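These are my notebook entries on one structure. I set down what I looked up, entry by entry.

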2 protein chains.
Amino acid sequence: MAPPAATETNGYAFSGYTDTSTPSIKSDKLSINGVPARRSKAPPFIGGLAAHTCSDMYKSSIAGQPKAKRWDHRITEESQSRQPSSLKAAGKYLSIPGLVSLGGGLPSSQYFPIEHIDVKFPSVPHFSEEETEALGVIKRIGKQDIANDKSIYDLHVALNYGQATGSAQMLRFVTEHTEIIHHPLYQDWGCALTVGSTSALEIAFRMLINRGDYILTEAYTFSSAAETARPLGAIWVGVDVDEEGLLPSSLDLILSEWDPSIHNNKPKPFLLYTVPTGQNPTGATQSRQRREEIYRIAQKHDLFIIEDEPYFFLQMQPYTGADAPDAPPPSSHQEFFDSLVPSLLSLDIDGRVMRMDSFSKIIAPGLRTGWITASEQIVERFVRHSEVCVQNTAGTSQIILFKLLEETWGHAGFIDWLIYMRLEYTKRRDNMLFACEQYLPREVASWVPPMAGMFHWIQIDWTKHPSFGQKSVSDVEDEIFHAAIDKGTLASKGSWFRAEGGAADEIFFRCTFAAAPNEQVRIGIERFGDALRDAFDLPGRISNGLSNGSTH
Amino acid sequence: MAPPAATETNGYAFSGYTDTSTPSIKSDKLSINGVPARRSKAPPFIGGLAAHTCSDMYKSSIAGQPKAKRWDHRITEESQSRQPSSLKAAGKYLSIPGLVSLGGGLPSSQYFPIEHIDVKFPSVPHFSEEETEALGVIKRIGKQDIANDKSIYDLHVALNYGQATGSAQMLRFVTEHTEIIHHPLYQDWGCALTVGSTSALEIAFRMLINRGDYILTEAYTFSSAAETARPLGAIWVGVDVDEEGLLPSSLDLILSEWDPSIHNNKPKPFLLYTVPTGQNPTGATQSRQRREEIYRIAQKHDLFIIEDEPYFFLQMQPYTGADAPDAPPPSSHQEFFDSLVPSLLSLDIDGRVMRMDSFSKIIAPGLRTGWITASEQIVERFVRHSEVCVQNTAGTSQIILFKLLEETWGHAGFIDWLIYMRLEYTKRRDNMLFACEQYLPREVASWVPPMAGMFHWIQIDWTKHPSFGQKSVSDVEDEIFHAAIDKGTLASKGSWFRAEGGAADEIFFRCTFAAAPNEQVRIGIERFGDALRDAFDLPGRISNGLSNGSTH
């Protein structure tokens, strides 16, 4: 990928890609090129110490659209009872000119022992580590950049207490980004920053789940999500999946035939947790049609959907196989946007989706920063909750993200980065699939090429195992798991991800292609293949010596 | 304060202060000078990607001491039911040499678009902003500093997922610091990093409070703590306070005479939340004797204590008044340590205290980093909880703190900084007290000089108000509040901090001296005095024009 060189104007970076999504083409939808005009029509940006902020300040007016459905009947007693803080409410007086505040306990920035921070970022479109070393740009973050008219964000603000919505600076960016990508269809949508989707999910569960409630998810689900809900007394109901993930027919059947008498006298579930894109652990991606069907079932049974989308921008190029040429990369932002399966958020006309985005997989997990998008009611309760737990995303992370996304890349450069990530993850995925095709015994191992995410989900036909009928499925899974470790490969057991716990009558292993270098992934898969051959008493493969590193 | 210049040896800064707390003086207690020896006896430091860590790796062995009491009977169903993650448990195989992990979904650091971060810190003992500009040191944080043998911490680790305990690098520092300052008395104590005490408190409440439980605190308490507990269904019981804070006699009386029949049939409370030092909002500091008495009452009634200590190191010099010379600053670390009122943690022989420390007031709130210290059982449940909500403190914050505390200042330099903060806050406190003495009408306003923290607590004798007997106490408080705003000063209403809610038969205002510059604080207090005179129909003061800024 070598798009034309980026140009930088007035501190705001523009991509070398053609952005064809101009207002002239889709006049009612915010495009990247529409952002400066939208900003110029907005009231002056206010981003000082603990400045009040909300998405309404930064999004396009869609006054003609309907408002979101209210969820009062679903919100827990805990969440309903949260009151705005008296101290924070007094913040409204701070806008009085000349007022001396002896009220809030914000320490003086005079005592923050950090004079400045310099960060070196890749410049658009020179994103690789090697190019960054040669061509990267260094951005300085000072303590008084706002007072000195150098920036609209500085350490004096970022290192002090902030709002649970996130800073005005970052909330503006993610609100605009969300509008550009998803174009929400109802009027009163908004965003709030999170300290990561793990935290956002826990808060959402506490807003919506009472002890003993049943909740819906894919039959194999993100184990950390499962472990978040169980101590709250929630009981998971696994919905059947196929290669496109969650099956609408299974979802409908569970809800239509729900019998409280065999479910602790609990009514049918109303909460669906789903990872539509590159699902963890199955790697499945719901197609547009699949999402539309799921949304229709959600309307039919009045479900609230938590859409967990850390891998949304790890949607990859089509898999063409080892011997065919690669699919050509997107030639414009619009082509990239068009290549993305639309989010549930973008289909949501009722305000029944809370979407969770995360910077963890597309920038870095250690920033502990993500954001939610939902209706005003849901965002407001979420922020009330955040105020008395996480408070807000670390200012260190927020200002580094701001310097990168707003002041170095801009919206366009960020999209360029996401295209770069798409192509990089495509290479990694392809490498793993090539290795699987080369090394795994197809007699017992099968898979579907993942279209998104970080995970490859390999099914093992345990009916061919020598001990089939004698050993339990768990024992065979365990045997393969340890055989692989003995060969020198760690793969995750499928059973760890069972939404309802316990064993199924099938065996899967989850292998990630995100972490290890390509050569290591090939070695890992080769060893895994050897372990399978041993476990299933299959004829050996002529070793090329990769697995003990003697030739590489 | 002008201690001798700092020396720097081998990248580890040593303070110019004399550290007399050497092992030869207190041979059984870890001192700053004892840290290098302790480290040299420890197993090799392991701080790689998501490295497992716990305080036991970094603390002195106190094998002869008793173990902490168990709290199984107090831990909630939610907390009891938390299971360690299967995925995280598989991490144990990662120590196998040569293993290829296709297991965990940690993204490759290759795609973290931050090549390096440079941070400019004050060098010891040149802590002021002016000195930092001239003499500060710049520390570089690279992506592969561990591989390149430049540091034991780098962006490749800090920007990826980490452990909920905090990083090994920062957990070691806070464990050592905690041991140096508090010398815990029981065997199985430990620390864990938090994303700030607000979050730590919420987690602790969910570990220990069931809906409907009564919990104890000062009659006036930190409003955010109160707002954290109320939605969980907890009911606050306010314990009477005097100028030394929480009254042991009141605590004992409440518990001894507890009558379930007038308390929704609930047993007497077992949880005490207290801010022993520079309490928010009263500014009161419990003396050593007071703390010993509180601890004895806690033992008598088997209480668990949450010790919230953000202001512990904002203990100030004695107040000598406007006309007397300042008290001399500590001349050594030992003199500084001796000047600090001992923590409840340091008195805790049973393991009934969970202490919350925070970097918010002594480094910067925007880092969202603190730590807890408690018994192994409490820390383990806390970490299990953190794993499925906040996950961990932002790596950006952790590595910046590490570069500052470990690689720039060291333990000794950090103590020097804390002494600097003590002297700075003393000046700020004194400035506010001088202003109060000069501008407030003593006929109706009274106060006790605070010994610690950020807050000055001013009592208003509302029996002298012209409407006393006609208006309610709330109405008079509100009148004064708005009169002050009309004059241009925002002060916090005492009633916002009532643990049990509602109005008392007394009026207080909380004014902070931490935030505004000294001159602004003087103006703010002058205006507040004018507002009081107006509200109470007191004779005016000859204005010096400060309040409208015409002379300054």
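Into which domains is chain A divided? I found domain 1 (163-393) and domain 2 (461-548), with bounds that come from an automatic or database domain assignment.

Before going on, I noted that this is a predicted model, in which local features need pLDDT of at least 70, side-chain atom pairs count only at pLDDT 80 or more, and totals for chains, interfaces and linings use all residues. Residues are numbered from 1 along each chain as its sequence is written, chains are lettered from A and ligands numbered from 1 in the order in which they are written, and side-chain values use heavy atoms, with hydrogens and water left out.

**Entry 1: the domains of chain A**

I looked up the separation of the two domain centres of chain A, taken over C-alpha atoms, and read 30 Å. I also looked up their contact (heavy atoms within 4.5 Å). In chain A, 13 residues of domain 1 touch 12 residues of domain 2.

**Entry 2: the two copies**

Two copies of a chain are related by a rotation about an axis and a shift along it. The same surface serves both copies, as 100% of the contact residues of chain B recur in chain A.

Helices (H or I, at least four residues) and strands (E, at least two) are DSSP runs, numbered from the N terminus. Axes are lines fitted to C-alpha atoms, for helices over the stretch in contact, and angles run from 0 to 180 degrees between N-to-C directions.

The crossing of H14(A) and H16(A) is right-handed. A crossing is right-handed if the near helix is turned clockwise from the far one by less than a right angle, and left-handed if anticlockwise. Among the residues that meet are A:Phe434 of H14(A) and A:Ile525 of H16(A). By class, I noted 7 nonpolar, 4 polar and 5 charged residues in the contact of H14(A) with H16(A). Ala, Val, Leu, Ile, Met, Phe, Trp, Tyr, Cys and Pro count as nonpolar, Asp, Glu, Lys and Arg as charged, and the others, Gly among them, as polar.

**Entry 3: helices H6 and H14 of chain B**

In chain B, helix H6 (residues 168-182) packs with helix H14 (residues 395-439) at an angle of about 15°, their axes 9 Å apart. H6(B) is therefore roughly parallel to H14(B). Is their crossing left-handed or right-handed? I recorded that H6(B) passes H14(B) in a left-handed crossing.

**Entry 4: backbone**

Most residues other than glycine have a negative phi, and most peptide bonds are trans. I found a cis peptide bond from A:Asn280 to A:Pro281, with omega near 20°. A:Asp302 has a positive phi of about 50° although it is not a glycine.

Definitions and conventions: Parallel < 35°, antiparallel > 145°, perpendicular 65-115°, else oblique.
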